[in-house]
Each structure stands twice: as structure tokens, then as C-alpha cells.
Amino acid sequence: MSSAANHKRGVILTEKFAEFSVWSQHAEQIDLCLFDHEGKKQIADYTMQHGDDGVHRIELPSIRPGQRYGFRAHGTYEPDRGLWFDPSKLLVDPYASELDRPFVYDPILSAPGIDTAHLVPKAIVTQDQPAAITAPLFAPGGFIYEVAVKPFTMLHPDVPEKIRGTIAALAHPAIIAHLKKIGVDAIELMPITAWIDERHLGPLGLTNGWGYNPIAFMALDPRLCPGGMKELRETVATLHEAGIGVILDLVFNHSGESDRFGATLSMRGLDNLAYYRHVPGEPGHLVNDTGTGNTLACDHPEVRRLIVETLRHFVRHAGIDGFRFDLAPIIGRTANGFEAHGETLTAMIEDDVLKDRLLIAEPWDIGPGGYQLGNFPEKFLEWNDRARDDIRRYWRGDQWTTGALATRLAGSSDIFELSGKTRSVNFLAAHDGFTLMDLVSNSHKHNEANGEENRDGHGENHSWNNGVEGHSDDPAIIENRRRDVEALLSTLFASRGAIMLTMGDEAGRSQGGNNNAYAQDNAITWLDWSKIDSSLVEHTAMLSALRKRFAAFSETGFFSGNGDVEWIAASGQPMQVGDWENPGNPVLGMLLKTLDRTSGKTVRLAILFNRGHEPVSFTLPGWDWKQLPSGDLWNQVLPPRSVRFCVEDVAP
């Protein structure tokens, strides 16, 4: 046995044979099963050798790329003891990098003693090709664009029909042109690895359209990426040529095998006790820190290995620039709670292949001590839901929110002060919640289409409807909503830290008030390119250009207050205690001393906020202030529900 097999799981191809290996501490025996090219007929099975290290191995000659295979695990079947060994269940290799078909839920997958080979996707032996690896295409203060691949590309008229809804569509010139127009620095792809639908969706006639229910962490879902790793690698390369980075949203907190009534497809059948977390002293009781029925035991050495090898795989074979981690505290959780410097997070940070990659945490889950915003290692950026909520509340008109807005604009030092710099990813909306247009069009969620009688989804969205709930044909209401979206976008792009916009929010996309549209793989979530609001797109493009022009937005240090930032009232004078404590104060001015990259000079940039419904006279200190982007002299009138940018003209 070669030394490589002692380190790598899955399949290693050599000139003479293939080495298959899979880990299971508790299985009595594991069989390797080979299938024909169509993946329908089992043509051979072999008992693997069980090593002292828990790895089951076998070498076979004459195995070539394209060979279909799976595993069957033998042992005790006693779920109350956490033992799920059932050789009737075909199991997917956790290290599979390609599958021959998508996962499809069927109750048989949960029924003991019934063979599932006809249902379960077969892993495909592959010969991985290296990608061209460059330094990550993302700089501090960058603009991340969250994309659900199918909804983003499915209705684009210029994308050839045969590639709509796939990874390849992202490389189409029309898609890249849109990304370039609005100044995207990196796209963040919602899960593209193989997932299975939750079992309650089928009877409702629904399917999972988001992919946050994975089975095989390395394997690309054939529905989104029919060309496998080659398709992803080539798409990433094309985006890189356009100067756009690629971030993968990965789920290492749970698997689609769900609770004890869920399917046995891979890790559960291989070694449930090791791969998943259980209530202490109750091996039959799965911990549910995710709300999905199970929780991955990320502190287990084999799970840690799988996580790190998955990340390495996407960097080495697709050139991925970085990763966003769903419900990330679970990756750092041990029996003692969340450990920011625990072994798994540390292994991700220190790995030679990963140490320069961008890492982004969603820093909360529903487990004990699950809210960890600001507590991840300094290498990580973190989704900042407090920025989201404080900006929403400010523009909704909530009292006593002026100070909170200023704190979020300045990079949230109250959260990240121990890091000495902001690690915030500021956002207004993401995939799970209202779209930006729905945020200003609905005071309540409208999730009836999900089949759960509107019980699902967040109840408090800090939203407002501009006078009418939901759809309106009233031109005044339509214009007021567009105005509010413009103000929200301006606020986001004026904040210090990385920023994130979810697809279509720059174009007025609506989901009809659905704030939990994970099961709507249809027109509710698909971006209708024929109905995009071009004025909002132009506004976003303008904001992105301004953000890149002025260096203050790419700096990560906190303001000192010694000339680098001034907070001013409408009089042009510094904000006083009474201004900050005025519960209904409608205006705020932020003056930044910053490098103007266009002129190469240090200038003062004014960003003025008016959340009120009346215009306000706003005086700027000094002379020759010009409004951006028009270049017109500042007329000292700040319109209602608006944000304005002005730069102080300086002598040459």
C-alpha cells in the first residue's frame, strides 16, 4: 500500500491500480461495490481490508476514470445505540468528487433492510486536473455578490438555453457584463454541491432550490454543474480573466441525512456515532443545533480531515478564491462549547493551500452559545446581522437609531474592537429573508406558497410597506419604494468593511413577500431579466464606482476621530449630545478625509443621510462642495428619504 493511501481518502489512481479507502471505526466490514457505466447494475463487490487506523482499503487493477462505485457497511443495526449499519443501503463515498445523478428523496432510503442501489447516486472515479491558482481576487472593502446559480441565469435571454441554470452560464459574456457593470469584486455561489430535498417537500409539490441540505461535500450537483469539476474550473478561470473572484458557500454544519427518520445515504451508514454529534449518554439522540435534524461533529479528527480536504480540493482543482461557511459556530464547537482557536478552525487557517484564501463565517446557529458575531479568529470575515438590522431600523424610522447607524457605517468597532480592525461583511438582505424591494413593500412575510400556512421564516424583518402591503400599481408608491431602495443601497455602499448584495437586489427583484423561498425553484425566485429596474442598476453601478474611487472604504482600521471622520448636523456643525440623543433625528452627515484615487489628492467626502419625509437644508463646512456623480455645486437641499455624496473641490 502506498504512503499516499494513508493520508488521502477516496480513490487514488496510479498507473497499475486504483486505491479505494473509506474510514469507519465501528463498521465490522465494508464492501466496495462496482457498477456498470450507466450506474444501474452492480457488476462486482469486494470486501475491503480493515486497518488498525479505522480505514478500510482495497487495491484493484484495471480501474479507469468513469468507473461507478459505492459502499455497503456491515455491522449492528440498533439506532437507539447510534448504530445504523445496514448493507442493504448503498452509501456514497464522502470523498466522491463526481456523482452520476442527483439525489432524490424516497421513503425507502429510510427503511431498514430494503436495497437502495437503484435510488442512490453512484460515485464516479475521476482523475482530478489542477487549476491555475492565483492570489485570491478580493481586496479589503470588496463588493461580494451572492448568487443562486439557477435562479440567476435561468431566464436570461442572451444565455443559450442549454446552459441556463448551470455553472457554465456564469461564464457567458452577458452575465459577466452585468457583474462588471455593477462593479462586483467576487461572486459568492450558494451551495453547488450535491444535496437532497427535505422529505416534507415532495408531498407539497416543492423542491429545494437553495442546496443547503448536502450529502457529498466535494461532489458538484449534476443539476447545476453537469460538466463536473471541469465546468467549474473553466468558469472560475473565465471569471478570473474578468477580474472577478469566486467564493463558494459551503455547508459543514449538518447533512441531508436529517434526523433519525431521515435517509441513510453516506456518513450515517458508514459511522453515525463518529460523524454526527449526539446527546451525551444518549447515542440514539442526535443533537440538532442546526434545525435540520442533525449536527456534524466537526471536532472529530475524521470530520476535520473531510472539511479541510474539501476546501483544498476546490482550491487545487477549481482555483476557488474563498469560502463562506453556513452556521459556522458548529465548525468551532466542541463538547465544551464554541472554541475560536479549536483544532478545526485552526487547521483551516494554517493549511498551506488555504492560508491565503478568503474565509467568511455566518457567525450564528441555534445551539447553545450559538451567537458568535465578532468571536471568530481574525482571519475570518463575518456576516454582520447587526449592521443589517440597524440600517433597516434607521430607514424604517425607529427612534434612537442615529448612533447605531453611525457605528455600522464606521465598521462596527463595538463588535470587532478586539481585532483592531473591522472584519464585517455588511449586508441589507441575503438569500434567507426579504429581497430589498420586498423589504420596503411588506410589513409582514407572505410565505403561503411554502405550504406551511405562513408559519415558516422570520417574523421580525424590520420592514415597511410604504402605505400598501405587497404589490401596488400606484405610481407614487412604486416611486417611494424605489427611492427607499436607492437610499438603502447608498447606505450599504457607504459603510466600512466588505459589503454583500444578493442577486437582483440591484434591480428591484421581488419574491412576492416570501422571506423563506428555499423551496421555490420557480418564478418566485428566478430573476426575470425582462423586468429589471434599469434605474436601480445604474444607481448601484454609480455607488460601486464611488466606493472604488475613495480609499476610505477599502481601509479596515477604525476611525480615530482625529480628522479622519467628522459627524455633522444639518447646520454643518459637529453633532452634539442632543443631536445624537434626539430620538427622531432625521439627518446625519459623515465627513471623511480620504484619498481620491481619481485625482490622487486627499479630499473631504461628505455622505449625507435624510430618513425624514421632508427635504432638509443641509450646510457643509467649507467651500466648493460638489455633488457626486453629477459634479454640480451642492445646493444645500437634502431631499427626503435620500443619501447624497459630495466632495470638496480642492485647488490643483
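Helices are DSSP runs of H or I of at least four residues, numbered, like the strands, from the N terminus. The model described here is predicted.

## Helices α10 and α11 and the loop between them

Asparagine 466 lies in the loop between α10 (436-439) and α11. Its phi is near 60 degrees, a positive value in a residue other than glycine.

Helix α11 covers residues 475-493, and its axis comes within 10 Å of the axis of helix α12, residues 534-549. The two axes cross at roughly 20 degrees. Angles under 35 degrees count as roughly parallel, and α11 and α12 are therefore roughly parallel to each other. The crossing of α11 and α12 is right-handed.

## Pockets and cavities

Rolling a probe the size of a water molecule over the atoms shows where empty space is left. In this model, a search of the whole structure finds 4 cavities of 30 Å³ or more.

| Space | Volume |
|---|---|
| Largest pocket | about 1,200 Å³ |
| Second largest pocket | about 690 Å³ |
| Largest cavity | about 120 Å³ |
| Second largest cavity | about 50 Å³ |

The largest pocket has a volume of about 1,200 Å³. It is lined by 48 residues, and the closest to its centre are Trp210, Thr290, Thr292, Asp432 and Asn516. Helix α7 (residues 385-396) provides the largest share of this lining, 3 residues. By class, the lining of the largest pocket consists of 14 nonpolar, 20 polar and 14 charged residues.

The second largest pocket, of about 690 Å³, is lined by 27 residues, of which Met437, His471, Gly508, Arg509 and Ser510 are the closest to its centre. The helices on either side of the Asn466 loop both take part in this lining: α10 and α11 each supply at least two residues. Helix α11 gives the most, with 3 residues. The lining of the second largest pocket divides into 10 nonpolar, 10 polar and 7 charged residues.

The largest cavity holds about 120 Å³ of space. Of the 14 residues that line it, Ala148, Trp210, Arg509, Gln511 and Thr525 lie nearest its centre. Two of these names also occur among the central residues of the pockets: Trp210 in the largest pocket and Arg509 in the second largest pocket. The lining of the largest cavity is made up of 6 nonpolar, 6 polar and 2 charged residues.

The second largest cavity, with about 50 Å³ of space, is lined by Tyr77, Trp84, Asp86, Lys89, Leu109, Ser110, Ala111, Pro112 and Thr264. Its lining residues divide into 5 nonpolar, 2 polar and 2 charged.

## Two open sheets

Strands of a sheet pair through backbone hydrogen bonds, either parallel or antiparallel. Two open sheets are described here.

An open sheet of 4 strands runs in the order β4-β3-β7-β10, and its pairing is antiparallel. Its edge strands are β4 (42-47) and β10 (123-124), each of which pairs on one side only. Within this sheet, β3 (residues 29-35) and β7 (residues 68-74) run antiparallel and are joined by 7 bridges. Leucine 32 has phenylalanine 71 in β7 as its bridge partner.

Another open sheet has 5 strands in the order β25-β26-β27-β31-β29, again with antiparallel pairing. The strands β25 (565-568) and β29 stand at the edges, each with a single partner strand, so one side of each is left without a neighbour in the sheet. On average, neighbouring strands of this sheet are turned by 25 degrees against each other, direction ignored. Strand β27 (residues 601-610) is joined to strand β31 (residues 642-648) by 6 bridges, and the two run antiparallel. Phenylalanine 609 has valine 643 in β31 as its bridge partner.

The peptide bond that joins leucine 628 and proline 629 is cis, with omega about 10 degrees.

Methods
Residues numbered from 1 in each chain as written. Predicted model: local features only at pLDDT ≥ 70, side-chain atom pairs only at ≥ 80, totals over all residues. Heavy atoms only, no water. Pairing = 2+ DSSP bridges. 1 Å grid on protein atoms, 1.4 Å probe; cavity = no way out; pocket = protein on both sides within 12 Å on 5 of 7 lines; lining within 4 Å. Points joined across faces, edges and corners; volume = space filled by probe spheres on them. Nonpolar A, V, L, I, M, F, W, Y, C, P; charged D, E, K, R; others polar. Axes fitted to C-alpha atoms, helices over the stretch in contact; angles between N-to-C directions. Parallel < 35°, antiparallel > 145°, perpendicular 65-115°, else oblique. Left-handed = near helix turned anticlockwise from the far one by under 90°.
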